[in-house]
Amino acid sequence: MEINKLLNIVFPPLLIIALVFILPPFLVFKLLCSIQRFVYKENVAGKVVLITGASSGIGEHLAYEYARRGARLALVARRTDRLQKVAERARQMGSPDVIVITADVSKVEDCKRFVDKTVNHFGQLDHLVNNAGVGAVQSFKVTNNISDFVPVMDINFWGSVYGTHFAVPHLRKRRGKMIVMSSASAWLGLPKTSFYAASKAAQIGFYESLRIEVGPEIGITIVTPGFVESEMTRSNQQRKGKLQFLGNEPADVCAKAIVESTCRGDMYLTEPFWVRPLYLLKFLNFLKRTINIENLSGKVVLITGASSGIGEVLLWAMKHLAHEYANRGARLALAARREHRPRAVAEKASQLGSPDAIVVRVDVSKAEDCKQFVNKAVVKISRGIRGKIEKSVQSEISLKYHLHLQLSITVDHFGNVSDAASHFSQQLRPKFSE
Ligand SMILES: NC(=O)c1ccc[n+]([C@@H]2O[C@H](COP(=O)([O-])OP(=O)(O)OC[C@H]3O[C@@H](n4cnc5c(N)ncnc54)[C@H](OP(=O)(O)O)[C@@H]3O)[C@@H](O)[C@H]2O)c1
């Protein structure tokens with residue numbers, strides 16, 4: 001039996017048995033550790049803290065919380081006037097020294113500048129707070145210009161990574177700490193938050209990995225807030241998105257919990273705490289998916305990255321994606337940058353039973369290419385339909401990190417041929433036109 005199949009069967013029950021024995025002593029160990037962290041928590045008086053996105057919301061209140069504890073502050077954001085006001089208040093609250101740096105975190109040169117300026121002014125850096133971020137509430141189905149959402153990734157993900165890159169050598173010298181402001185939406189998958197959730201999930205993936213590289217010299221606290229009162233949650237767009245179904249936590253309460261948690265050296269913080277059990281919803285989703293097994297007959301499946309790696313390996317190994325889809329009567333559209341390789345894959349898929357398999361050359365990192373790919377696939381495959389079509393054509397699209405595109409189209413019944421093609425493409429075209 002193939003090793004991965006064997007592991008699929010053996011590993012989950014072994015893990016459950018191991019957990020039954022390991023979990024109780026582990027929980028006791030965790031409790032003792034948290035007591036120790038509570039007793040020996042860090043005193044930040046006189047330490048240097050750099051906060052991005054300090055001009056409003058959680059970042060502003062983080063500045064006040066650190067100021068109350070006597071930390072020296074470097075406050076970063078794009079609105080200088082707002083930063084000046086926050087700085088003034090932070091001084092009144094007890095910070096011995098506060099500087100303001102106007103910068104855009106999505107620009108790498110700005111991030112280098114604010115780290116350098118902080119270290120030149122204070123001579124050290126103890127905490128970096130990667131807080132700057134923007135919200136994005138938009139139903140993917142009604143998104144016309146997909147490139148409008150690239151800045152969400154640039155600010156929320158790259159805006160944290162750039163500053164981290166320049167700060168790490170300084171934090172290392174001081175055995176410092178880093179706060180990463182992710183979001184509960186990275187785990188929960190709420191409607192209309194696909195772009196935002198992707199940027200926040202990318203942060204988690206990045207910093208989980210970095211933690212292993214830079215620890216134990218630099219501690220990383222990943223924060224996943226639920227709904228917190230701020231400009232972001234107050235914005236009209238959010239209201240339209242009807243995401244305020246629950247009371248927002250005040251930003252000062254959230255900021256206090258974050259600084260406490262960081263000083264204790266926690267690896268994670270979910271604030272407010274009650275949001276954390278909601279992560280179990282992911283498990284319920286898995287159950288739902290297991291119950292509703294999809295019938296693929298007559299559907300069109302788009303596979304990106306079909307020229308090498310998993311797409312092709314799985315095909316030729318006869319345990320593959322395309323083979324599995326072909327066996328279930330699905331039509332295939334294969335996309336890759338090298339056209340000749342997926343062509344061989346398509347031929348094989350046809351031999352294996354796919355009623356139709358086409359190949360499109362595409363670079364999935366380019367939105368325009370993706371649009372052409374989807375249009376070409378829909379038009380070509382719909383022209384090829386022989387049989388009958390009746391009424392319903394549905395489409396469902398999901399886009400992750402604007403790199404992975406997946407489209408599934410359901411044609412319930414087939415009717416007259418020529419109507420079929422035009423009906424099919426007309427129904428879908430507007431969804432992709434700008
Ligand atoms: N509020 C919530 O419910 C919630 C939940 C989960 C996670 N979060 C996260 O918490 C963080 C803070 O958000 P918030 O709720 O306090 O929202 P907010 O009040 O809108 O604050 C966002 C801050 O980020 C700054 N910023 C945005 N784009 C920037 C850029 N390109 N360069 C530099 N600074 C930039 C803004 O300042 P300027 O406009 O002056 O540049 C502002 O200070 C964000 O990362 C957000 O994703 C918030």
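Modeller: Strands here are DSSP runs of E with at least two residues, numbered from the N terminus. In this predicted model, E271 is found in strand β7, which covers residues 268-271.

Colleague: Is E271 buried or exposed?

Modeller: E271 has a relative accessible area of 11%, and it counts as buried because the cut-off is under 20%.

Colleague: What is E271 in contact with, leaving aside neighbours within four places in sequence?

Modeller: E271 is in contact with T224, P225, G226, E249, V253, C254 and A257. The C-alpha atoms of E271 and P225 are separated by 4.6 Å, although the two residues are 46 apart along the chain.

Colleague: And helix α10, how many of its residues are buried?

Modeller: Of the 14 residues in α10, 10 are buried, so the helix is mostly covered. The buried residues, among them C254 and A257, pack against α2, β4, β5, β6 and β7. Just after α10, G265 takes a positive phi of about 85 degrees.

Colleague: Switching to the ligand, which residues are closest?

Modeller: The ligand is surrounded by 30 residues, and the closest are R78, R79, Y196, V228 and S230. A polar side-chain atom of Y196 lies 2.6 Å from an oxygen atom of the ligand. The protein covers 95% of the 870 Å² of accessible area that the ligand has on its own.

Colleague: Which element gives the most to the shell around the ligand?

Modeller: That is α8, with 3 residues, while the shell as a whole divides into 14 nonpolar, 11 polar and 5 charged residues.

Conventions:
Residues are numbered from 1 along each chain as its sequence is written. This is a predicted model: local features need pLDDT of at least 70, side-chain atom pairs count only at pLDDT 80 or more; totals for chains, interfaces and linings use all residues. Side-chain values use heavy atoms; hydrogens and water are left out. Helices (H or I, at least four residues) and strands (E, at least two) are DSSP runs, numbered from the N terminus. Buried means under 20% relative accessible area, exposed over 50%, partly exposed in between (1.4 Å probe, protein chains only). Contact means heavy atoms within 4.5 Å. A residue is near a molecule or strand if one of its heavy atoms lies within 4 Å of it. A polar contact is a pair of N or O atoms within 3.5 Å; within protein, one must be able to donate a hydrogen and the other to accept it, and residues adjacent in sequence count only if both atoms are side-chain atoms. Accessible areas come from the Shrake-Rupley method with a 1.4 Å probe; for residues, only the protein chains shown count as cover. Ala, Val, Leu, Ile, Met, Phe, Trp, Tyr, Cys and Pro count as nonpolar, Asp, Glu, Lys and Arg as charged, and the others, Gly among them, as polar.
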